[in-house]
Amino acid sequence: MKRIALIMCALLALLVAACNNNSAPAEPAKDAKTEQPAKETQQLTLTLYYADNDLTKLIEEKQQITAPASDKDKYAKAMELLGKPSKPEHNALWKDFGYHSITFENGTLTIDAKGTNQYNMGSSGEAFAIDALKQTMFQFPEVMKIVVLVDGKKTESLMGHVSIDEPLTRSTP
């Protein structure tokens, strides 16, 4: 009789164990943070232009940025990076350039420069700086013209050599 009781207990224990193994495990409590998919940050590659060490040619440099929230921020970031090359052999032509605002309307990008900016580049440096600005900003297909003001007013030239009294226009192929 004891033997039958022992066998019955063993069978009962196996049955209970088998039932527990077949049931699905309890799911852990869900955390709201883990259910949201991770936000992917979109990247934007900007093409920027700097001078070589001899100031004889422009050098193209690509820099990755986090995609700005608006086009205005995109233009401001491009303007900022024109003063910050990532490679030491690239010379910024727009270093320490201060401006009041950058606006975009109807295909025209307007940069209102501060009159306190100091430039010491000569005529070829100024020509390269204007060309670097044009090539950088015209990479954005919506920009058809660039107007550079100084303290909110039209000016003949930034440094006295290259005329900017008319809008800088995208050249057509």
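From the N terminus on, the elements follow the order α-α-β-β-α-β-β-α-β-β-β.

The model is predicted: local features need pLDDT of at least 70 and side-chain atom pairs count only at pLDDT 80 or more, while totals for chains, interfaces and linings use all residues. Residues are numbered from 1 along each chain as its sequence is written, and side-chain values use heavy atoms, with hydrogens and water left out.

**Colour by confidence**

Start with pLDDT, the predictor's confidence in each residue, from 0 to 100. The protein has a mean pLDDT of 80, with 76% of its residues at 70 or more. Select helix α1 (residues 2–22), where confidence is lowest at a mean of 45, then β4, where it is highest at 95. Where pLDDT is low, the predicted coordinates should not be read in detail.

**Show the whole surface**

The protein exposes about 11800 Å², and carbon and sulfur atoms supply 53% of it. These areas come from the Shrake-Rupley method with a 1.4 Å probe; for residues, only the protein chains shown count as cover. Of the 173 residues, 31% count as buried, which means under 20% relative accessible area (1.4 Å probe, protein chains only).

**Select the core**

Next, select M79, W94, L133, M137 and I146, the residues with the most contacts inside the largest nonpolar core, which has 34 residues. Such a core is a set of buried Ala, Val, Leu, Ile, Met, Phe, Trp, Tyr and Cys residues joined through side-chain atoms within 4.5 Å. The elements giving two or more residues to this core are β1 (43–51), α3 (71–81), β4 (108–113), α4 (122–137) and β5 (145–150). The largest share, 6 residues, comes from α4.

Centre on M137. Leaving aside neighbours within four places in sequence, M137 is in contact with Y75, A78, M79, L109, V143 and I146.

**Move to S157**

S157 is in the loop between β6 (153–154) and β7 (168–169). Is S157 buried or exposed? S157 counts as buried because its relative accessibility is 16%. The side chain of S157 reaches the backbone oxygen of V162 at 3.0 Å. Apart from neighbours within four places in sequence, S157 is in contact with E126, V162 and I164.

Terms used: Helices (H or I, at least four residues) and strands (E, at least two) are DSSP runs, numbered from the N terminus. Buried means under 20% relative accessible area, exposed over 50%, partly exposed in between (1.4 Å probe, protein chains only). A polar contact is a pair of N or O atoms within 3.5 Å; within protein, one must be able to donate a hydrogen and the other to accept it, and residues adjacent in sequence count only if both atoms are side-chain atoms. Contact means heavy atoms within 4.5 Å.
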